[in-house]
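Me: Hi! I have a structure open and would like to talk it through with you. Could you take a look?

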Amino acid sequence: MPLKKTLDTNYFESVINKGVTLVDFSAQWCAPCRAQQPIIEKLSKKFKNRTASVVIDVDEHHKIAMQLGIASIPTLIIFKNGKEVRRFVGLQGEKTLSEAIEKILQ
């Protein structure tokens with residue numbers, strides 16, 4: 001599935017409740033978040049038929065971020081069928097995230 005930016009809480013919940021979803025919590029003013037973006041885009045293409053990828057701007061969707069306890073950005077969470085299965089805080093490399101997604105897909 002192509003990389004999507006979340007529009008609202010209902011959309012977010014509908015996406016994470018099906019299969020495996022990589023969610024990137026970030027903000028436009030955050031330099032590490034901007035550095036993370038191309039990696040997320042690559043992973044979105046690599047796993048396009050197997051996972052969903054969503055970017056959530058914490059400034060626009062602070063309610064979702066607060067509900068999930070996002071204290072630092074970037075924070076990346078991998079959900080499987082609506083349940084959080086892995087969380088990364090800070091800039092993450094493509095290999096680290098790819099290996100985590102592969103493991104969850106097994």
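Reply: Happy to. Let's start with a rule: a salt bridge is a side-chain nitrogen of Lys or Arg within 4 Å of a carboxyl oxygen of Asp or Glu. This is a predicted model, where local features need pLDDT of at least 70 and side-chain atom pairs count only at pLDDT 80 or more, while totals for chains, interfaces and linings use all residues. Residues are numbered from 1 along each chain as its sequence is written, and side-chain values use heavy atoms, leaving out hydrogens and water.

Me: How many salt bridges does that rule give?
Reply: The count comes to four.

Me: Ok, what does Glu94 pair with?
Reply: Its side chain meets that of Lys42, at 3.7 Å from N to O. Glu94 sits in helix α4 (residues 94-105) and Lys42 in helix α2, 52 residues apart, so this pair links distant parts of the chain. Helices (H or I, at least four residues) and strands (E, at least two) are DSSP runs, numbered from the N terminus.

Me: And which residue does Glu102 bridge to?
Reply: Arg50, with the closest N and O atoms 3.3 Å apart. Glu102 is in helix α4 while Arg50 is in the loop between α2 and β3, so the two tie together parts that are 52 residues apart in sequence.

Me: How accessible is Arg50?
Reply: Arg50 is partly exposed, at 45% relative accessible area. The cut-offs are under 20% for buried, over 50% for exposed and partly exposed in between, using a 1.4 Å probe and protein chains only. Glu102 is also partly exposed, at 29%.

Me: What about Arg87?
Reply: Arg87 forms a salt bridge with Glu84, and their closest N and O atoms are 2.8 Å apart. Arg87 counts as partly exposed at 30%, and Glu84 does too at 38%.

Me: Switching topic: is strand β3 buried or exposed?
Reply: Seven of the seven residues of β3 (residues 51-57) are buried, so the strand is largely enclosed by the rest of the structure.

Me: Which way do its side chains point?
Reply: Thr51, Ser53, Val55 and Asp57 point one way, and Ala52, Val54 and Ile56 the other. In a regular strand the side chains alternate between the two faces of the sheet.

Me: Which strand is joined to β3?
Reply: Strand β2 (residues 20-26) is joined to β3 by seven bridges, and the two run parallel. Strands pair if DSSP finds at least two bridges between them. Phe25, for instance, has Ile56 of β3 as its bridge partner.

Me: How does the chain get from β2 to β3?
Reply: Through helix α2 (residues 31-46), in a right-handed β-α-β crossover. Right-handed means that, with the strands pointing away from the viewer, the path from the first strand over the helix to the second runs clockwise.
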